[in-house]
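Hi,

Here is the structure I promised to pass on. Have a look at it first, and my notes follow below.

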Amino acid sequence: MAEPPRDSAHRADAPRPVGADLILPLAGIVFTIYYFVTIWDLVWEAQVNGLMIGSALLALIAIFLVRTGLDVARGRATLSLGPLLRPLDVQVKRTALLLLSIAFIALIEWLGFTIAVALFLFCALYALGVRNRVRLIAVPVLLALAGYLLFIVALDTRFPHGLVERLLGALF
Amino acid sequence: MDVDSQVLLHLFLTALSYWWVIIPSVLFGIVVGAVPGFGAHNTIIILLPFTLAVNVNVALIFMVSMYCATHLGGGIPAILVNIPGTGGAAATTLDGHAMARQGRAQQALVMSFVASTFGGLITSLITLFALPHLARIGLAIHSVETVVIMLFGLTLIAVIAARDTLKGLIAGLLGLLIGAIGADHIYAAPRATFGFLELYDGVPLVPALIGLFGISEALVMVEGESILTRGGRERMVRASWAETLEGLRMAFARWWHIVWTSIIGLLVGVVPGAGASIAAFVAYQQSRFFSKTPEKYGSGHPEGLIAPEAANNGVTTGTLVPLLTLGIPGGSTAAVMLIVLQFHGVPLGPKLFIDRPELASSVIMSMVVAYIFMIFTVVPLARYLSRVILIPTRILAPVIISFTLVGAFAPRQYLFDMGLALTFGVIGYIARKTNYHVAAILIGVILGPLVEENYLRALRIAQGDPMVLFSSHLAKVLWALLALSIALPYATAFWRRFKTRMAPFN
């Protein structure tokens, strides 16, 4: 039988990065404490459910932290963030998508549904590396118009109205 | 009510004559089911003026057809892009999306359509004959049993969905606590609302679903050029109608699987509040438990796709049982139907069987006819729908984010909900990267308010005694099953290690 490459053997023995695994449990502890603080002065009917679930959650997180701590102490795991931030080159695109989403939510009230969707799609496609001009223009325009027809014309959802909605509103 | 063949034939032909309502409702229902944020209940609310303006038969057939179709439509994005259109399709992502990544999206869609339509059809026929008997199940379940069923369901999801049971349970309980945000049921005192008035009614479910599944998936998706694996892409490009035929063959070869998992959906659906998400996960767990190849589940196993889809549609008839027999809606869509039917002066509960006994059967018969129409309408679409998966992720990810954010706004029409969806998107992204399964968090958020409502009711009846949760035989059995479902993965792992260690001595 062929011997496995030294590199992969080394990787199999390497300690697992578990730092990122602690983010949700730690957020869970903070949120549970906050929940307990907000119900502190309330009557028992408003407290009992949160206390039951929050206590069970804290107990499970405690077990998880002990398990993780033992793994780190035995050298089987490290506290690095590992998979959360990998691959690093994609992190830039991901952050751009998140920032554009925040901008989309902030601006939709001023720009209106159709223009905001088209602008978001144009910027996001560009940020993710689309350089074909036809795609860069056609995808945002066609999808924004399809969204207008489905959500505003067909389903009558009250999205913020802008220039396009006012102009097309006269037609539909 | 006695059901004789003459009456049934008459009801069938009457429902069939409304084909002009059923076909557009089914197609519209599939579209709204596939768009996260547009479930049957909020679409019926949006179209409420229509349902109130037309006669009661048209309104009923429209609502029922759309309701069934949305349950089927929810599975389409779950398979193609790992984003369930409705909470009931969350379990479909486990094997359905894995099949799609391997280039078997067309097969997966056809199997999902067959399982959904035949699952719905079978349970509708069972309900037609057993309506009064099924109602007794609903009567046997009180608030104590409802709490334990929900906790049992959540535990199953945590154990099934997450690779690490402890992480799955933490995710589920975190979801339950998030679901407990908002004003309390009796004194309306705000709890953990972070000062946002928009959270006083609790965490809205649609932004949670959209963020945890849709946005987080888009954030992960950008790591690759395509959703498909290299081999999967080659297969998808070559895919022809033969894939549709193969999907049909694979689904019909597992007809017995469709039958029994859809019955699980029906039984869970009868319990008010339990819902499609729990039914689908319970069916998935049972399917894996009785399978000869449980190790294949999660990697694109056909039975892992059929079970949740059949159960998800079995629920549709189940949720109407308490509505028709007791006047208690079994889910949010049934609640909207209740309002429309009351507006039309239709009595519900025992009075329905005295005043208009034919109406209860005609509701179920409309479902039978809707499912028959559905199978012929949707199966040919699988080939074209599956092409979505060929779109490069650099285009797909922005489209998913923009349209899911729009979906988050739709139900309550608050901009706040779009921000909330984005927040859940970041939580979902961290959960995905660290193997805390997002389905466990989501089902926790869905069940959170329901658990509290039933737990408080049970406590008030028992004058604050927490031991009320162990007060009935059924509850004790359910607690035992819950404990067993947590212990089983550890016991199995221990047994495997023990066998491996003992192997050299044998």
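A quick word on naming before the notes: helices (H or I, at least four residues) and strands (E, at least two) are DSSP runs, numbered from the N terminus. This is a predicted model, where local features need pLDDT of at least 70, side-chain atom pairs count only at pLDDT 80 or more, and totals for chains, interfaces and linings use all residues. Residues are numbered from 1 along each chain as its sequence is written, while chains are lettered from A and ligands numbered from 1 in the order in which they are written.

Let's begin with Gly444(B), which sits in helix H23 of chain B. Gly444(B) is buried, with 26 other C-beta atoms within 10 Å. (A residue is buried if 20 or more other C-beta atoms lie within 10 Å of its own, exposed if 12 or fewer, and partly exposed in between; C-beta atoms are placed from the backbone.) Setting aside neighbours within four places in sequence, Gly444(B) is in contact with Leu154(B) and with several others, including Gly172(B), Leu173(B) and Gly175(B). Contact here is for two residues whose C-beta atoms, placed from the backbone, lie within 7 Å. Thr155(B) is 289 residues away from Gly444(B) along the chain, yet their C-alpha atoms are separated by 9.8 Å.

Now for the helix pairs. Two packed helices are described by the angle between their axes and the distance between the axes. Axes are lines fitted to C-alpha atoms, for helices over the stretch in contact, and angles run from 0 to 180 degrees between N-to-C directions.

How do H10(B) and H23(B) cross, and at roughly what angle? The axes of helix H10 (residues 165-179) and helix H23 (residues 438-461) of chain B come within 6 Å and cross at roughly 40°. That makes H10(B) oblique to H23(B); angles under 35 degrees count as roughly parallel, over 145 as roughly antiparallel, 65 to 115 as roughly perpendicular and the rest as oblique. H10(B) passes H23(B) in a right-handed crossing. (A crossing is left-handed if the near helix is turned anticlockwise from the far one by less than a right angle, and right-handed if clockwise.) Among the residues making this contact are Gly168(B), Ala171(B) and Gly172(B) of H10(B), and Ala440(B), Gly444(B) and Pro449(B) of H23(B). By class, the contact of H10(B) with H23(B) has 14 nonpolar, six polar and no charged residues. For these classes, Ala, Val, Leu, Ile, Met, Phe, Trp, Tyr, Cys and Pro count as nonpolar, Asp, Glu, Lys and Arg as charged, and the others, Gly among them, as polar.

Helix H16 (residues 302-326) of chain B and helix H5 (residues 56-73) of chain B have axes that come within 9 Å and cross at roughly 160°. That makes H5(B) roughly antiparallel to H16(B), and their crossing is right-handed. Tyr67(B), Cys68(B), His71(B) and Leu72(B) of H5(B) make the contact with Asn312(B), Asn313(B) and Thr316(B) of H16(B). Those residues divide into three nonpolar, four polar and no charged.

H16(B) has another pairing, with H7(B): their axes come within 8 Å and cross at roughly 135°. That makes H7(B) oblique to H16(B), and this crossing is left-handed. Here Thr92(B), Leu94(B), Asp95(B), Gly96(B) and Met99(B) in H7(B) meet Gly304(B), Leu305(B), Pro308(B) and Glu309(B) in H16(B). The contact divides into four nonpolar, three polar and two charged residues.

Ala108(B) is in helix H8 (residues 105-140) of chain B and counts as buried, with 33 C-beta neighbours inside 10 Å. Not counting residues up to four places away in sequence, Ala108(B) touches Ile79(B), Gly96(B), Met99(B), Ala100(B) and Leu305(B).

Two loop residues are worth a look too. Most residues other than glycine have a negative phi. Asn82(B) has a positive phi, near 65°, and is found in the loop between helix H6 (75-81) and helix H7 (92-101) of chain B. Phe194(B) also has a positive phi, near 55°, and is found in the loop between H10 and helix H11 (205-221) of chain B. Which of them is buried or exposed? Asn82(B) counts as buried, with 26 C-beta neighbours inside 10 Å, whereas Phe194(B) is exposed, with 10 other C-beta atoms within 10 Å.

Finally, the two chains: their contact takes 56 residues from chain A and 44 residues from chain B. H3(A) gives the most to the side of chain A that touches chain B, with 13 residues. That side divides into 39 nonpolar, 10 polar and seven charged residues.

Cheers
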